[in-house]
Number of protein chains: 2
Amino acid sequence: MSQDLTSPAARDPDAPAPATSEGVATELALAIHEHRLAPGTKLSEDEVGEIFGVSRTVIRAAFQRLAHDHLLVLKRNRGAFVAQPTAREAREVFEARALLEPRTARSAAERATPADLAALERHIRDEHAALDAGDTGRALRLSGLFHVEIARIADQDTICEFITSLISRSSLIISLYWQRRTAICESHAHDALLRALAARDGDQAEALMKSHLIDLLSSLDLHGAPEGSPSLRAALRRD
Amino acid sequence: MSQDLTSPAARDPDAPAPATSEGVATELALAIHEHRLAPGTKLSEDEVGEIFGVSRTVIRAAFQRLAHDHLLVLKRNRGAFVAQPTAREAREVFEARALLEPRTARSAAERATPADLAALERHIRDEHAALDAGDTGRALRLSGLFHVEIARIADQDTICEFITSLISRSSLIISLYWQRRTAICESHAHDALLRALAARDGDQAEALMKSHLIDLLSSLDLHGAPEGSPSLRAALRRD
DNA sequence: GCATCAAGAATCGTATACACTTTCCGATAC
DNA sequence: GTATCGGAAAGTGTATACGATTCTTGATGC
């Protein structure tokens, strides 16, 4: 429906087919994160099932998983829609990140191995490359993965899971509320974080992460209506 | 299987039937929280479906939801088992609670209305009553609900959701690792928290919550093998 | 007597079928 | 011309059926 899940860019031709609910969920999450599926888009079970070559049973399981992560909203007897976070929800997500991520960055600084640091550096390089190539969707996703990687380094699975979920939602939030005028992306903040981690400086890593999150939140415009096409359509169709 | 989901105590006879996956999930979660379903117990789809009078389709959805909350563990082609949190997982859950709950208690202190305080007081009364009645399962569940209620008062849905999930897991953890010798339950800590909230004292609420969580964690025995029947059974049956 | 292996039963994974709800669209009344 | 009502179409909710995997159990060989 309107979005091209079938295009070569959306589905890797090498991968034969996910065929599993987890695979479908991952694929759909990727499409949402990279903004190929716009907030408010309705996902039909039949249609998605046909695209992935599986029955509605598998699709429904994938939808349920994504709904639990707040990437989709399920409306009984009406279907699944890509979530449209409200301004309030956006503030709450960043509030939660502010509670979790700074302390996690400190732990990461204390535990990071050379391999970890190399992985982070690679993330930053990829992010810059995507930006230069003009692929902002991919750049934003990689930017989020940088945060997830830090949480992983901290070696706290439970907190890492929460942070992963929050960053996943942040991706949607940014696509709705990002102010284009601040074109200078936050890459420098990630560079500084990496340096703090490499220096094993927990204090600085915590402080940097804290201010980075504040910067991120302040770069959003949470006062006006959400950006993009959905605002009009959603208003008219009252979903 | 072994546990009595069919007993009057397990299923309210007044309620005709949940019939929905959410209802089944709630009912099963309650049974796990009150330790009527022991960690490691296998839940058969057919059996649970027959008990609740619905098909496996509904049951599977409920299982998936509970697995996402770490109350169940799904093993492909083998079935659903009540989770058995490891000592490491227990530490992680309390680590996450330590990051989230103190600051949330502060917010709650700043926002609590008289109605909120009354609800908290009621929770404490119910908890004491359950303890006096010897129903420790119910008492522990109410003790957890006290924390959830504080998160709800803080009016942060996202964080509240995380805390709810963490407390849900804590219930399982406590059932596995609780040391019986500390019989004096934590009721006094809740009383003190309530007083801090009533006094609008955010600083004290935050401090009290922090120390309360430390006390809780230290009352667990995370060194030996998990308590209760599962330890032996699990060792023999190597799940 | 013990281990190994195979056939059967039990259970899960997926697809399909049917019932019910929602939505859409056209006809009718005002 | 507008609003309201009714029926058809589309889509979701649930149950059932069938294939695949795992577990059990009894027989066989060493």
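In the predicted model, α3(A) gives the most to the surface near DNA strand C, with three residues; helices (H or I, at least four residues) and strands (E, at least two) are DSSP runs, numbered from the N terminus. Local features were considered at pLDDT of at least 70 and side-chain atom pairs only at pLDDT 80 or more, whereas totals for chains, interfaces and linings use all residues of this predicted model. Residues are numbered from 1 along each chain as its sequence is written, and chains are lettered from A and ligands numbered from 1 in the order in which they are written.

DNA strand C is surrounded by 16 residues, of which A:Ser55, A:Thr57, A:Asn77, B:Glu45 and B:Gly79 are the closest; a residue is near a molecule or strand if its C-beta atom, placed from the backbone, lies within 6 Å of it. At least two residues of this surface are supplied by each of α3 (56-68) of chain A and α2 (45-52) of chain B. The surface near DNA strand C comprises two nonpolar, eight polar and six charged residues (Ala, Val, Leu, Ile, Met, Phe, Trp, Tyr, Cys and Pro count as nonpolar, Asp, Glu, Lys and Arg as charged, and the others, Gly among them, as polar).

Around DNA strand D there are 15 residues, the closest being A:Glu45, A:Gly79, B:Ser55, B:Thr57 and B:Asn77. Two or more residues of this surface come from each of α2 (45-52) of chain A and α3 of chain B. The largest share, three residues, belongs to α3(B). By class, the surface near DNA strand D holds two nonpolar, eight polar and five charged residues.

Between the protein chains, 15 residues of chain B are in contact with 15 residues of chain A, contact being defined by C-beta atoms, placed from the backbone, that lie within 7 Å. On the side of chain B that touches chain A, α3 (56-68), α4 (87-111) and α7 (157-177) of chain B each supply at least two residues. The greatest contribution to this side is that of α4(B), with seven residues. Seven nonpolar, four polar and four charged residues make up this side of chain B.

In chain A, three strands form an open antiparallel sheet in the order β1-β3-β2, two strands being paired if DSSP finds at least two bridges between them. Because β1 (42-43) and β2 (72-75) of chain A stand at the edges, each with a single partner strand, one side of each is left without a neighbour in the sheet. β2(A) is joined by four bridges to the antiparallel strand β3 (residues 79-82) of chain A, where A:Phe81 is the bridge partner of A:Val73. Across β2 and β3 of chain A lies α3(A), which runs at about 115° to β2(A); axes are lines fitted to C-alpha atoms, for helices over the stretch in contact, and angles run from 0 to 180 degrees between N-to-C directions.

Terms used
Two residues are in contact if their C-beta atoms, placed from the backbone, lie within 7 Å.
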